[in-house]
Amino acid sequence: MWQGLLVCTTLTIAGFGLTRLPPLADAGISPLVVALLLGIVAGNLPLARRLSATGPGLKFATRWLLRGGIVLFGLSLTLQQIMALGPRVLLLDTLVIISVLTAGYLIGTRVLGMDRETTLLTSAGSAICGAAAVLATESTIRSRPAATSMAVATVVLFGSLAMLVYPLLYPLLSMDEGLFGVYIGATVHEVAQVVAAGEAVGPDALANAVIVKLVRVMLLVPFLLIVGQWWLRHQPAEAGAERTSLVIPWFAFGFLAMVVFNSLVTLPAPLHDGLAMAGQLALTMAMAALGYETRVEKLKALGIKPFILALTLFVLLLGGGLLASTLLMG
């Protein structure tokens, strides 16, 4: 197992190192994204074919480190934060997630003719919490690395675009700063991207944006429980083959337990920060492993359609999210 874990560790260290450099640091690029890209490059080098014993370590990273990272991600949220903005926030986030997932799946599979895995992963990343949602969904449905990498790429592209677009929209919409923060939190992909966009607008926008976004993250748990059962029921059965058994995402309950724990217990700051960093390291190593297992020819086979789907969902989040935020929270 050591060979695969050594590859993941090296790519993770390189990912964190590169994000400290001024161009990437100023852009707020996550180490997860850099590790994924480095993994894709490294996995397609001739040297990678000579490393024949990386499989067990890579599998450990994409399964157990990934799930452990999602569990520790729960330390970023408390129940008190959810209650602060009232029940309408929960309704808003639920409406956004259901609308984007439904529209994304129908457009991807029926209009664009995409495969179910890539469609679901791309839609989940747009609807819930970016790369974390893609990784959690991947762990639940056990999709191909290429589909996961492509879905993460769409999240990075349009989430980064959102960091630029939303601050430019703010003076044009005549919205209260706090309400615009709700709009940001309900529609921007990644937590880090929400922070960047909210900070560019103002302190009230930032505070509301983070809370609304973390409620969206919380809804990842019921989504995983539902999608696991739905995926099993709609899994096409091949002739003479049995369907795989239902995958219960136990790590989702671990995530929820961490949220409750973080709400009731105040850990010393160094310990809390250390656990949060351990979770980020685990997720980054999982992302590096997924990238390393992704072959360029498989990405080419997926084509431009995932990006068309992600662009469609980005427009839906911009327009539909604005309408929903104004009607429910205005």
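This is a predicted model: local features need pLDDT of at least 70, side-chain atom pairs count only at pLDDT 80 or more; totals for chains, interfaces and linings use all residues.
**Helix 10.** I then looked up the extent of this helix, which runs over residues 145-173 and has 29 residues. From its first C-alpha to its last I read a reach of 40 Å, which is close to the 42 Å expected at 1.5 Å a residue.

**G181.** My next entry concerns a glycine that I placed in helix 11, the element spanning residues 177-187. Is G181 buried or exposed? I record G181 as buried, because its relative accessibility is 0% and buried means under 20%. Leaving aside residues up to four places away in sequence, I found that G181 touches A205, N208 and A209. I also checked G181 against G228: the two are 47 residues apart in sequence, and their C-alpha atoms are 32 Å apart in space.

**Cysteines.** How many disulfides does the model hold, if the rule is a pair of cysteine sulfur atoms within 2.5 Å? My count by this rule came to zero disulfides. I looked up the burial of two cysteines as well: C8 has a relative accessible area of 0% and is buried, and C129, at 2% relative accessibility, counts as buried too, because the cut-off for that label is under 20%.

Notes: Residues are numbered from 1 along each chain as its sequence is written. Side-chain values use heavy atoms; hydrogens and water are left out. Helices (H or I, at least four residues) and strands (E, at least two) are DSSP runs, numbered from the N terminus. The expected span of a helix is 1.5 Å times one less than its number of residues. Buried means under 20% relative accessible area, exposed over 50%, partly exposed in between (1.4 Å probe, protein chains only). Contact means heavy atoms within 4.5 Å. A disulfide is a pair of cysteine sulfur atoms within 2.5 Å.
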